[in-house]
Amino acid sequence: MTDSVLPTEAAPRLNRRQAAKVRTRQKVLDAARSLFAERGYEPATIRDIAKGAGMSTGAVFANFQDKAELFEAVLTEDMSRLAEVVEAGAPQGEPVRQRLLGALSAGYHSSLDQLPLFQAIVARSWFQPLAAEMRARAATKNLLLAIGGILQEAVAKGELRQDADTRLLVELIWDSYLSNYRRAAYDEWDADALSDHMGKQIDVILAGALSAK
């Protein structure tokens, strides 16, 4: 007896009002992203975001409780996109160092034009409430999974020791990656310089975890 295949249930279609609300929300997010990327968090006001979206401040508040919630929504979208870029940037079949560096270099090249946004992410991580910090960590989960996947594959292939602490390695690599944006902000490093430095950091971080040949 063969199993019957049930048709996939189609996603419910939005009515006009729902579709308009989705479009409005996205317009606000796009305007906010542009301002956060240009000015950072504090100088970007709700009034300017509303103006950039071509709507009233009331329309912004109808979709987001405050600027903090709006920033979190932008962060979630952008970290999701960055995770896709990082995952796609890892060259298949290469040693772990090249895979990590390719992935993170792709991240720098795709995001450096939004430097004030990343400065705001780092700055707010020190002062936001615990609940907001937990949501921010959730937003970066796929990025960390992408890095972790590369490391776990290297363990399976014997490039890294079987007892390598991949969770710690992910933490060290991500912290180094994020902190390097300071060099772009204050020392005018471009994406290539950041990538070169990241390669040296990867060498140090992986040194104790590499398998003996």
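Entry 1. Before starting I noted the convention: a crossing is left-handed if the near helix is turned anticlockwise from the far one by less than a right angle, and right-handed if clockwise. The model is predicted.

Entry 2. I looked up H4 (residues 67-89) against H6 (residues 115-125) and found their axes 12 Å apart, at an angle of about 115°. I recorded the crossing of H4 and H6 as left-handed. On the H4 side I listed Ala 68, Phe 71, Val 74, Leu 75, Asp 78, Met 79 and Leu 82, which meet Leu 117, Phe 118, Ala 120, Ile 121 and Arg 124 in H6. Sorted by class, the contact of H4 with H6 gave me ten nonpolar, no polar and two charged residues.

Entry 3. I then turned to H1 (residues 16-39) and H2 (residues 46-53), which pack with axes 8 Å apart at an angle of about 125°. H1 and H2 are therefore oblique to each other. I noted a right-handed crossing for H1 and H2. From H1, I listed Lys 27, Val 28, Ala 31, Ala 32, Leu 35, Phe 36 and Arg 39; they meet Asp 48, Ile 49, Gly 52 and Ala 53 in H2. The residues of this contact of H1 with H2 came to seven nonpolar, one polar and three charged.

Terms used. Residues are numbered from 1 along each chain as its sequence is written. This is a predicted model: local features need pLDDT of at least 70, side-chain atom pairs count only at pLDDT 80 or more; totals for chains, interfaces and linings use all residues. Side-chain values use heavy atoms; hydrogens and water are left out. Axes are lines fitted to C-alpha atoms, for helices over the stretch in contact, and angles run from 0 to 180 degrees between N-to-C directions. Helices (H or I, at least four residues) and strands (E, at least two) are DSSP runs, numbered from the N terminus. Angles under 35 degrees count as roughly parallel, over 145 as roughly antiparallel, 65 to 115 as roughly perpendicular and the rest as oblique. Contact means heavy atoms within 4.5 Å. Ala, Val, Leu, Ile, Met, Phe, Trp, Tyr, Cys and Pro count as nonpolar, Asp, Glu, Lys and Arg as charged, and the others, Gly among them, as polar.
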